[in-house]
Amino acid sequence: MSEYATILPENKINVIFRSNNKYHVPEFITVFKPYEGRDINLQVLVVNGDNEIYDLTKLLFYEIYVRDDTKYPWPYTKTRGGISRVFGIRYNFDPSTISRININSENDFISSISNQLDMNRFNVAVIIANRKLTKEFHDKTKAALIGSRIRTQFVTFTTLKRLKNRKYKATIPLPLAVQLIAKAGGTPWIVDSSIYNDLSKNVSSNGMLMGIAFARTRKDKITYSVGYFTTLNNYYQRFDVQPINESAPITDSTEGLYVPKEAMVKTLESGIGWYKNIIGITPPLLIIFKTSPMHKDEKEAIEAVLGKDIKWVFIHAQYNTPVRIFGNKEDDYKVNRGTVIIKKEKMES
C-alpha cells in the first residue's frame with residue numbers, strides 16, 4: 001500500500017429506475033424501464049445527406065426504434081421491439097416525415113433548420129449532419145431555439161455509418177434512445193441518494209471539488225479556467241467557473257501546463273471563499289482535478305492555503321489516459337469500482 005494514500009472501496013453507486021428498482025448498471029434501463037417517461041414525437045432532419053445516409057436514418061429511427069418485430073438485441077433483456085415496447089414509452093415516428101435539406105451556404109444553416117421544424121407536431125428533433133457542420137452549429141442552433149418547445153439532438157454521419165458494422169449496433173441505439181427520453185422531458189434514471197450517506201461516513205459529502213483546465217491562446221500566454229462545485233444532493237449543483245489569464249513559464253521541466261504559485265493561492269482562496277459563502281463553513285475536503293501533473297508551485301500553494309485544517313486530494317486526469325485502481329491480491333487484479341482515494345498524513349521517519 002502506498003505511504004501517500006489509502007484506498008477505500010465504496011459500495012457501487014446505484015441508479016433508480018421505474019417503480020424504485022435499483023441497480024448499479026444504467027444500461028439496465030432496458031429491464032427496469034425509465035424512472036419517468038414522456039411521449040416522444042420525433043422529427044428527423046437530414047442535412048446534405050446522400051441515399052446511404054437516408055437509408056441508415058430510416059434503419060435507426062424506424063426499423064430499430066419503431067417496429068415491434070425489430071431484431072435489434074437490446075442489452076440485458078430478451079424483449080424485442082422498439083422504444084415503445086422495451087422502455088414502455090409512446091414513441092411516434094413516421095419515416096415519411098424525414099426532411100432532406102440541402103444547405104449550400106453555412107450562413108443559412110440555422111434559418112434552414114428553424115424553417116423546417118414543426119413545433120406544434122413534434123417535441124424532439126434529430127439533426128443529422130456531417131461532423132464539420134455539427135461542430136460549427138451545435139451550440140448556435142441550441143441557443144437559437146432556447147425559447148422553443150422542441151429539443152434538438154445532433155447525430156453525425158460518422159456515427160450513423162457505424163450502424164453498418166455489427167459490433168456498433170449494440171452500442172449506438174441505446175445511448176441515443178436514452179437521450180431521446182431525456183429530450184422529450186422524461187427522466188431515464190436518478191442517482192440513489194443513499195450513496196451520500198455512505199460517503200459521509202468517511203468524508204463529508206459537502207466536500208468541494210475543483211477542476212482546472214487549460215487552453216493556450218498565444219505562444220507566450222495561457223488561459224486556464226477553474227470550476228468549483230459540491231455534491232449537495234443527487235445532482236451536481238452549486239457550480240461556478242472562473243476564467244483566469246496568467247503568464248506562465250512554458251519551458252519548464254514539468255510536462256503540461258500549471259498554475260503559478262501566486263495565481264494558485266488566489267484561486268484557492270477564491271474557491272474556498274465561494275464555498276463558505278454558499279455553505280457557511282470551510283470545506284472539510286478539497287478534491288482537485290487537473291489535466292496536467294502537479295507542479296511544485298501548485299503543491300506549495302495548496303499547503304500554504306489549506307494548512308492542516310482541510311484535507312485535500314490531487315487527481316491528475318487525462319481523457320486519453322484511463323486511471324484504474326486494482327485489488328492488491330496477487331491472484332485478483334480486478335478493478336475496484338467506486339474507489340475513493342484519501343491523502344494520508346505525512347508519515348514520520
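The model is predicted, so local features were taken only at pLDDT of at least 70 and side-chain atom pairs only at pLDDT 80 or more, while totals for chains, interfaces and linings use all residues. Residues are numbered from 1 along each chain as its sequence is written, and side-chain values use heavy atoms, with hydrogens and water left out.

The secondary structure of the chain comes to 10 helices and 15 strands. Helices (H or I, at least four residues) and strands (E, at least two) are DSSP runs, numbered from the N terminus. Of the 349 residues, 40% count as buried; buried means under 20% relative accessible area, exposed means over 50%, and partly exposed lies in between (1.4 Å probe, protein chains only). The chain exposes about 20,100 Å², of which carbon and sulfur atoms supply 48%. Accessible areas come from the Shrake-Rupley method with a 1.4 Å probe, and for residues only the protein chains shown count as cover. Among contacts with a separation of 6 or more, 68% are between residues 24 or more positions apart, where contact means heavy atoms within 4.5 Å.

Two strands pair if DSSP finds at least two bridges between them. Five bridges join β4 to β7 in the parallel sense, and in β7 the bridge partner of Val44 is Val126. The pairing of β4 with β6 is also parallel, over three bridges, with Arg100 in β6 as the bridge partner of Val46. Two bridges join β4 to β5, again in parallel; here Ile40 has Tyr91 in β5 as its bridge partner. Seven of the eight residues of β4 are buried, so this strand is largely enclosed by the rest of the structure.

Six bridges join β7 to strand β8 (residues 151-156), and the two run parallel. Ile128 stands opposite Val155 in β8. Together with helix α5 (residues 131-144), β7 and β8 make a right-handed β-α-β unit. A crossover is right-handed if, with the strands pointing away from the viewer, the path from the first strand over the helix to the second runs clockwise.

An open sheet of three strands has the order β3-β2-β9, with antiparallel pairing. Its edge strands, β3 (22-23) and β9 (190-191), each pair on one side only. Strand β2 (residues 15-16) is joined to β3 by two bridges, and Val15 has Tyr23 in β3 as its bridge partner.

In soluble globular proteins, nonpolar side chains tend to be buried together. The largest nonpolar core has 39 residues, and those with the most contacts inside it are Leu42, Phe61, Tyr65, Phe87, Ile128 and Leu180. A nonpolar core is a set of buried Ala, Val, Leu, Ile, Met, Phe, Trp, Tyr and Cys residues joined through side-chain atoms within 4.5 Å. Helix α7 gives the largest share, six residues. Apart from this core lies another, of 21 residues, among them Met208, Leu257, Ala301 and Trp312.

The structure holds 12 aromatic pairs. Rings of Phe, Tyr and Trp (its six-membered ring) pair if their centres lie within 6.5 Å; planes under 30 degrees apart count as stacked, over 60 as edge-to-face and the rest as tilted. The ring centres of Phe61 and Phe93 are 6.2 Å apart and their planes are at 55°, so this pair is tilted. It links distant parts of the chain, since Phe61 is in helix α2 (residues 51-64) and Phe93, 32 residues apart from it, is in the loop between β5 (91-92) and β6 (99-101). Phe61 counts as buried at 0% relative accessibility, and Phe93 counts as buried at 9%. Ring pairs link Phe61, Tyr65, Tyr72, Trp74, Phe87, Tyr91 and Phe93 into a cluster. Leaving aside neighbours within four places in sequence, Phe61 is in contact with Leu42, Val44, Val66, Tyr91, Phe93, Val126, Ile128, Leu176 and Leu180.
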